[in-house]
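Please open the structure in your viewer and keep the selection tool at hand.

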Amino acid sequence: MFKGKSQRELLQVARTIIQPLKPNYHKGQAGKIAVFGGCEDYTGAPFFLAHSAALVGADLSHVVCEKQAAPVIKGYSPDLMVHPYLYDLENADLRQWISPEIIDKLKKKPLEEVLNAKDELDKIVESHVLPKISGLMQRVDMFVVGPGFGRDPLMLKTLIRVIEEIKVVNKPVILDADLLYLVSVRPNLVKGYSKAVLTPNVVEFGRICLALAIDNTDDVDCAKRVLKALGHVTLIKKGAQEVIVRNESHIVNEMPGSLRRVGGQGDTLTGALATLLTWAEHYKSGFWDGSGKIDEDEAVLLACFAACSVVRVASSKAFYKYKRAMQTLNVHEYLGEAFEELFGA
């Protein structure tokens, strides 16, 4: 499909799936993103992700997080809509639905045992979480699930149900961070769901390989074997280069980025990816004049490549200015500039 094309040529082709700005568009038509993530200990990841999606061009960014994390994430930026709909076992509100003794017992059980059991936690998710998110499920274009969740059993059980509900409404979803741990425990959670995109780093990819009994080799063929085992999903294997695989096709992003590695850069990439994949969905549906001419696999691969390229260029610019002092917010300073440099205004 893209065999023999240079990185510059791929960027030129990727312009075709960039949604234009038009005066007759209304708020939300350039993308409505919902990020499920964030607990008391990890509030940065969902913020970086939702903020990146907005800076790259999504109109609306929602964060659905654990109740105790919400005030912190709200304080980072008024541009994001933050919904405190999730609970972990440390949340005092649980005491009105479940006794402290049962909570203490659940904390002592092995995580996989709790995930596989049907217990009081399932009732909490069904009765007190899902009703709150049902409306959001219908409204948004793209879901991102996993950043900053941690390994709390109630949060992870909630993740499982969220994924199941996303599949019911048949919308695209990016699986990131702690959700990739769940994939290594339960590969069938997303197996065969063609609208799922997985974004593992080196450690997460190795964990998934182990779960699937696949030798972890650092090459495209290994990524394709993982993809085949998981069914018709899209895989972005992060590292020195991004290996992007969908069905029988792949692209390797070799653009230079930053030598600095700080927490949050992966979330920045996932946020950019959420916006570009939303536009790819709009492109496939013929949303604007001239769209819909390339096939679905091509559109998804180009969106992934474009997102990776934007973040690599922004990271390079941030590193050039800040050197070893570079932080993830410095990358965000350059996302708009990087996007315009690659794809125009």
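What you see is a predicted model, in which local features need pLDDT of at least 70 and side-chain atom pairs count only at pLDDT 80 or more, while totals for chains, interfaces and linings use all residues. Residues are numbered from 1 along each chain as its sequence is written, and side-chain values use heavy atoms, with hydrogens and water left out.

Begin by selecting E337 and K317, whose side chains meet in a salt bridge at 3.1 Å, N to O. E337 belongs to helix α14 (residues 335-343) and K317 to helix α12 (residues 296-322), and this pair, 20 residues apart, links distant parts of the chain. Helices (H or I, at least four residues) and strands (E, at least two) are DSSP runs, numbered from the N terminus. E337 has 43% relative accessibility and counts as partly exposed; here buried means under 20% relative accessible area, exposed over 50%, and partly exposed in between, with a 1.4 Å probe and protein chains only.

Next, select D93 and K67, where the side chains form a salt bridge of 2.5 Å, N to O. D93 sits in the loop between β3 (81-86) and α4 (100-108), whereas K67 sits in the loop between β2 (60-66) and α3 (70-76), 26 residues apart. D93 is partly exposed at 23% relative accessible area, and K67 is partly exposed at 36%.

Move on to R151 and D178, which are joined by a salt bridge of 3.6 Å, N to O. Because R151 lies in the loop between β4 (142-145) and α7 (153-169) and D178 in helix α8 (residues 178-185), the pair ties together parts that are 27 residues apart in sequence. R151 is partly exposed, at 39% relative accessibility, but D178 is buried, with a relative accessible area of 14%.

Across the whole structure, the search finds 17 salt bridges.

Which side chain of opposite charge is nearest to E204? Select E204 in helix α9 (residues 202-212), and then K238, which is that nearest side chain, 5.1 Å away; E204 is buried yet has no salt bridge. Lys and Arg count as positive and Asp and Glu as negative, while His and the chain ends are not counted.

Technical notes
Salt bridge = Lys/Arg side-chain N within 4 Å of Asp/Glu carboxyl O.
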